[in-house]
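Dear colleague,

I am handing over the structure we spoke about, and I would be glad if you could look through it before reading my notes.

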Amino acid sequence: MASQLCLVLGGVRSGKSAFAEGRTAALSQGPILYVATGVAVDDEMKERIQGHQASRPQEWSTLEEPVDLAEKLAPLLNGTSSPCAVIIDSVDVWVANLLMENQTENKQALEKIVMVQAGKLLTLAADSRQVFVMVSSEVGLSLVPPEPLGRRF
């Protein structure tokens, strides 16, 4: 049975995560798995991650995975203790992590890596019974990044 998929978009620091958490709780009839893609690369990001952790209900499970979403998520979606809903926060940070991990690749290779990984994640979501809520910033609606890797994003 195919799952439900909800995509939450918005500006940076616009309340997307809180909205998505509420939406996930409303759509779910059982356990929720929160998939966190952020990496604490500096003090500001560490503080943001701590704020997100503090805002989540304690009964939610958490998977912290910055890169290999489909591979790490798949085994958690089957069985008697599997979640009823999955929230992925956030897709844009996940893509940025993929780009950073593969930044020595050329533009075409980077695009292929991201598309293959996104395809795996979307296939997993479509083939599962869980409700999926995915969060992403609206990319491309702001300034042009000064760094080449930022422009590739």
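Predicted model: local features only at pLDDT ≥ 70, side-chain atom pairs only at ≥ 80, totals over all residues.

Residues are numbered from 1 along each chain as its sequence is written, and side-chain values use heavy atoms, with hydrogens and water left out.

Next come two helices. Helix H4 (residues 91-101) packs with helix H5 (residues 107-127) at an angle of about 140°, their axes being 10 Å apart; axes here are lines fitted to C-alpha atoms, for helices over the stretch in contact, and angles run from 0 to 180 degrees between N-to-C directions. H4 and H5 are therefore oblique to each other, since angles under 35 degrees count as roughly parallel, over 145 as roughly antiparallel, 65 to 115 as roughly perpendicular and the rest as oblique. On the H4 side the contact (heavy atoms within 4.5 Å) is made by Trp-94, Val-95, Leu-98 and Leu-99, and on the H5 side by Leu-110, Val-114, Gln-117, Ala-118 and Leu-121.

The largest nonpolar core has 22 residues, of which Val-35, Leu-73, Val-86, Ile-88 and Phe-132 touch the most other members. A nonpolar core is a set of buried Ala, Val, Leu, Ile, Met, Phe, Trp, Tyr and Cys residues joined through side-chain atoms within 4.5 Å; buried means under 20% relative accessible area, exposed over 50%, and partly exposed in between (1.4 Å probe, protein chains only). At least two residues of this core are supplied by each of strand S2 (32-36), helix H3 (69-73), strand S4 (85-89), H4, H5 and strand S5 (131-137). Apart from this core lies another, of 13 residues, among them Ile-32, Ala-85, Ile-87 and Val-133. Not counting residues up to four places away in sequence, Val-35 touches Leu-63, Leu-69, Leu-73, Val-86, Ile-87, Ile-88 and Asp-89.

Leu-77, placed in the loop between H3 and S4, is buried, with a relative accessible area of 4%. Its contacts, leaving aside neighbours within four places in sequence, include Val-86, Leu-124 and Phe-132. Although Leu-77 and Ala-125 are 48 residues apart along the chain, their C-alpha atoms are separated by 9.6 Å.

Three further residues have other accessibilities. Lys-72, found in helix H3, counts as partly exposed at 40% relative accessibility, and, leaving aside its neighbours within four places in sequence, Lys-72 is in contact with Leu-63 and Glu-65. Arg-48, whose place is in helix H2 (residues 43-55), is partly exposed too, with a relative accessible area of 29%. Pro-148, in helix H6 (residues 148-152), counts as exposed at 53% relative accessibility, and its C-alpha atom is separated by 41 Å from that of Pro-31, 117 residues apart along the chain.

With best wishes

Notes:
Helix = DSSP H or I, 4+ residues; strand = E, 2+ residues; numbered from the N terminus.
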